[in-house]
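My notes are below, in the order I looked things up.

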Amino acid sequence: QLKHVQKYVEKIGVQNLPYQILPYIGNRAYPDVSSLSAEIFGVHDEQGLSTYGTSASAPCIAGMAALINSARLAIGKRVVGMFNAVLYDLYERNESAFRDQ
């Protein structure tokens, strides 16, 4: 991840980063992936509820990963494995695929 973070910072310039991220420049950039994180419907103790934040988005991403792996296994392929590495590789090959146009 480090080379991608460094490339990103070089591309946009450290002066354009939110001030909250500056202490973390030498560390990890996070989140690795994200999804909707507001008004996500869930069930707890058989009751429907709306939830927010990483408690909502992390299970969404995990569910998508599980569905992708299940589909691959169903057609005789191996599971993806380390999703972050795959995503970074895809980004490096086609940056525009990760942006809403």
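**Ground rules**

I am working from a predicted model, where local features need pLDDT of at least 70, side-chain atom pairs count only at pLDDT 80 or more, and totals for chains, interfaces and linings use all residues. Numbering starts from 1 along each chain as its sequence is written, and side-chain values use heavy atoms, with hydrogens and water left out.

**Overall layout**

I started with the secondary structure and got three helices and two strands. Helices (H or I, at least four residues) and strands (E, at least two) are DSSP runs, numbered from the N terminus. Going along the sequence, I read the pattern as α-β-β-α-α.

Next came burial, where buried means under 20% relative accessible area, exposed means over 50%, and partly exposed is in between (1.4 Å probe, protein chains only). Of the 101 residues in the protein, 12% are buried. The protein exposes about 8,100 Å², and carbon and sulfur atoms supply 58% of that; these areas come from the Shrake-Rupley method with a 1.4 Å probe, and for residues only the protein chains shown count as cover.

I also checked contacts, meaning heavy atoms within 4.5 Å. Among the contacts with a separation of 6 or more, 29% are between residues 24 or more positions apart.

**The hairpin**

How many bridges join E1 to strand E2? I found five, with the two strands running antiparallel, and E2 covers residues 47–51. For the record, two strands pair if DSSP finds at least two bridges between them. Ile40 stands opposite Thr51 in E2.

I then stopped at Gly42, which sits in strand E1 (residues 40–44). Gly42 counts as buried because its relative accessibility is 18%. Skipping neighbours within four places in sequence, I see Gly42 in contact with Gln47, Gly48 and Leu49. I also took a C-alpha distance: Gly42 and Ala56 are 14 residues apart along the chain, and their C-alpha atoms are separated by 8.2 Å.

Asp45 is not a glycine, yet its phi is positive at about 50 degrees. Asp45 lies in the loop between E1 and E2, and that hairpin has two residues between the strands. With a relative accessible area of 63%, Asp45 is exposed.

I place Glu39 in the loop between helix H1 (2–12) and E1. Buried or exposed, I wondered about Glu39? Glu39 is exposed, at a relative accessible area of 53%.

**Helix H2**

I picked two residues here. Ser57 is found in helix H2 and is buried, with a relative accessible area of 11%. Leaving out neighbours within four places in sequence, Ser57 is in contact with Ser35, Leu36 and Ser37.

Asn69 is also in helix H2, which spans residues 54–74. Asn69 counts as buried because its relative accessibility is 16%. What does the side chain of Asn69 reach? I traced it to the backbone nitrogen of Val80, at 2.7 Å.

**Helix H3**

I counted one salt bridge, defined as a side-chain nitrogen of Lys or Arg within 4 Å of a carboxyl oxygen of Asp or Glu. The side chains of Asp89 and Arg93 make it, at 2.7 Å from N to O. Side chains of opposite charge can pair when their charged atoms come close. Asp89 and Arg93 both lie in helix H3 (residues 83–93), four residues apart, or about one turn of the helix. Asp89 is partly exposed at 37% relative accessible area, whereas Arg93 is exposed at 61%.

My last stop was a nonpolar surface patch of about 230 Å², made by Val86, Leu90 and Phe98. Patches are made of residues with over 30% relative accessible area and no salt bridge: like charges are joined within 9 Å, and nonpolar side chains (Val, Leu, Ile, Met, Phe, Trp, Tyr) within 5 Å. Leu90 is in helix H3 and is partly exposed, with 37% relative accessibility.

How values were computed:
Polar contact = N/O pair within 3.5 Å; in protein donor to acceptor, adjacent residues only side chain to side chain.
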